[in-house]
Amino acid sequence: MKIGILTYHRAENYGALVQAYALRTYLAGLGHDVDFVDYWPDYHRRFFELFSWRKFRESSLKGKMVLLYYTLFWHQARRRRQQNLQAFMHEELGLPLEARYHNDQDVVKEFDVVFYGSDQIWRRQRMPSHPGFDLWYFGSDNVQVRKIAYAASMGSIDVKEDEKEILRRHLLGFEAISVREDSLKEWLTSLNIQSQIVCDPVFLLGKEVWLSLANKASKQPPFQHYILVYNLLGQTSTVNFAERLSKEKNLPIVEVNKKYVPFTSGPRYCRTARVEYFLSLLAHADYVVSNSFHGVALSLIFQKQFFAVGMGPRAGRVTSLLESLRIPERYTDVWRHVPPIDYIVATPLLSDMARSSSAFILDSISNHLTSNEE
């Protein structure tokens, strides 16, 4: 079967890329021909531009100064990071260097089934050039292809009354819908749309698959023992938490972020890592401190002692996951001692989630094949 995946497969961040890799790898492992629906509109592309004259012209004086600062002092590092992430897209996701489609209505015709998700593909877009919802991610391609939503998300549910019926009409075109968060499932239920909670695609692959990818890294971590800080949100509070842990454990810190500030160089700071090296840093860390969902998810897969911190209103997905694994104490906004994670308990629970999610995929594909035979 020819299966397409419509997700944020070209987003230049580790979480988006590993979830895309995971779903493609899992579906291909079932024996299917899998590729990405290479829909990448201009508003997505512009968001990741290193410099934009349009954005420069429209910015305030302070905004212009910030853009010039990043361009003059950090352009080389930002370009290296972009090239490293795009190399992963090309080598591991099988994507061409340039997106093949932008608004082509025939974009999904080559596929028998299209999986929509995961990631926040149903979120409200807030770019000035494209406010509101992108209905492409709700199946508005005008092509009679079978549609399945896997681990789709809206992030924060922000839907106006006059938008509900439009979204509902599009969602009714899906043969099966699964989502990541309880809140989205409840919202869909209010629209009389059935859905199922599933795990993030990264959990569909075993630890050995991620270790195999991590082992492709071209270099080793800078220290034999260390605390990895995945500071996706660039928060000082996350760093302060890690500093306390560093003093207590007498371990150095390796910090992965993309925040470009003066006097932050040396082996501690990692801004341009390829995905494989990022995974290697996680796999070899003694402890992990993260304000990223996928930092937490991969820490669970690698069976690390970790702390999820400082996510504020974004914490829901992480706290729900940790509660289901009976380790809610791993999320904290303040420094405190917590008992070590007992993976003898957590790992079987995680495996049960993965099996249930796998069953959703297998049933959805089986139902498609049955429909075709009829």
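1. **The end of helix α11.** In this predicted model, R326 follows α11. The phi of R326 is positive, near 65 degrees. Helix α11 itself spans residues 316–324. Its buried residues are R317, V318, L321 and L322. They lie on the same side of α11, because they cover an arc of only 125 degrees around the axis. The general rule is simple: an α-helix has 3.6 residues a turn, so residues three or four places apart point the same way.

2. Rolling a probe the size of a water molecule over the atoms shows where empty space is left. The structure holds 1 cavity of 30 Å³ or more. About 80 Å³ of space lies in the largest cavity. Which residues line the largest cavity? They are N13, Y14, R81, Y230, N231, L232, V256, N257, K258, C270 and R271. By class, that lining has 5 nonpolar, 3 polar and 3 charged residues.

3. **The second largest pocket.** This pocket holds about 380 Å³ of space. It is lined by 17 residues, and the closest to its centre are E12, R45, Q86, L97 and E98. Which helix gives the most to the lining? Helix α4, residues 61–91, does, with 5 residues. The classes here are 7 nonpolar, 4 polar and 6 charged residues.

4. **Cysteines.** The model has 0 disulfides, taking a pair of cysteine sulfur atoms within 2.5 Å as the rule. Is C199 buried or exposed? C199 has 3% relative accessibility, so it counts as buried. The cut-off for buried is under 20% relative accessible area. C270 has a relative accessible area of 9%, so C270 is buried too.

5. **M154, a buried loop residue.** Where is M154? M154 sits in the loop between β6 (146–152) and α5 (161–171). Its relative accessible area is 2%, so M154 is buried. What is M154 in contact with, leaving aside its neighbours within four places in sequence? The residues are W122, R123, F133, F138, V159, L167, E181, L184 and W187.

Key: Residues numbered from 1 in each chain as written. Predicted model: local features only at pLDDT ≥ 70, side-chain atom pairs only at ≥ 80, totals over all residues. Heavy atoms only, no water. Buried < 20%, exposed > 50% of the residue type's maximum accessible area, 1.4 Å probe, protein only. Helix = DSSP H or I, 4+ residues; strand = E, 2+ residues; numbered from the N terminus. Arc of directions from axis to C-beta. 1 Å grid on protein atoms, 1.4 Å probe; cavity = no way out; pocket = protein on both sides within 12 Å on 5 of 7 lines; lining within 4 Å. Points joined across faces, edges and corners; volume = space filled by probe spheres on them. Nonpolar A, V, L, I, M, F, W, Y, C, P; charged D, E, K, R; others polar. Contact = heavy atoms within 4.5 Å.
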